[in-house]
Amino acid sequence: MTRLVRFSVLVLALLLSAPNALAAPQPDEQMADEVMETRARALYRDLRCVVCQSQSIDESNAPLAADMRAVVRERLLAGDSDAEVRTWLQTRYGDYVLMTPPLQGNTLLLWLLPAILLVGGGVLVVIYIRAQSRRLSAGLDPEDEAELARLREEEGLS
């Protein structure tokens, strides 16, 4: 049984990691300088593939993502800073290309919505708990008392 569980976990781990391994930049896409490669990989993770659903260009195997990785490498080799590379791609593809959208007027709701939902949900929970507490402390109304008495009498509990 333990071997079966271990084997299942191993197979599951391989299946879950395979897409990322297949989608990672190919060896011919890697830079010779290790520092530049580290910067490039960090940028790959920060930039969204514009044809994929919420995948970074690091994870995507789309041809456009490969082209974007090539642009990142070219810009880094040209001496651009990381911010300049991001700005260059943001200018061409818009804010959507950034995995973390900038905090600005048109993205304010996107940034604040989780906090608004959390606070709103908390307020609703407090209102519900208070209403239930008041209802329980008020006791039963006369109709409910009569129905309870009738049910008890039917069951022979009174």
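1. Glutamine 55 has a relative accessibility of 29%, so it counts as partly exposed. The model discussed here is a predicted one.

2. On the overall fold: the chain has six helices and zero strands. Read from the N terminus, the order of elements is α-α-α-α-α-α.

3. On burial and surface: the chain has 158 residues, and 20% of them are buried. Its accessible surface is about 11,700 Å², and carbon and sulfur atoms account for 62% of that area.

4. On contacts across the chain: take the contacts between residues at least 6 apart in sequence. Of these, 47% join residues at least 24 apart.

5. On the loop between α2 and α3: α2 covers 34-46 and α3 covers 63-77, with serine 56 in the loop between them. Glutamine 55 is found in this loop as well. Is serine 56 buried or exposed? Serine 56 has 3% relative accessibility and therefore counts as buried, whereas glutamine 55, at 29%, is partly exposed.

6. Serine 56 is then in contact with Tyr44, Arg45, Leu47, Arg48, Cys49 and Met99. For glutamine 55 the contacts are Arg48, Cys49, Ser60 and Met99.

7. On charges and rings: which ring does the charged end of arginine 48 sit over? It is the ring of tyrosine 96, whose centre is 4.8 Å away. In a second case, the charged end of arginine 92 sits over the ring of tryptophan 88, 3.7 Å from the ring centre. As for pairs of aromatic rings, the structure holds zero.

8. On helix α6: this helix takes in residues 142-155, 14 residues in total. From its first C-alpha to its last it reaches 20 Å, close to the 20 Å expected at 1.5 Å a residue. What follows α6? The next residue is glycine 156, which has a positive phi, near 75°.

Note on methods: Residues numbered from 1 in each chain as written. Predicted model: local features only at pLDDT ≥ 70, side-chain atom pairs only at ≥ 80, totals over all residues. Heavy atoms only, no water. Helix = DSSP H or I, 4+ residues; strand = E, 2+ residues; numbered from the N terminus. Expected span 1.5 Å × (residues − 1). Buried < 20%, exposed > 50% of the residue type's maximum accessible area, 1.4 Å probe, protein only. Contact = heavy atoms within 4.5 Å. Areas by Shrake-Rupley, 256 points an atom, 1.4 Å probe, with all protein chains shown as cover. Phe/Tyr/Trp six-rings, centres within 6.5 Å; stacked < 30°, edge-to-face > 60°. Lys NZ or Arg CZ within 6 Å of the ring centre and 35° of its normal. Lists of a residue's contacts leave out its neighbours within four places in sequence.
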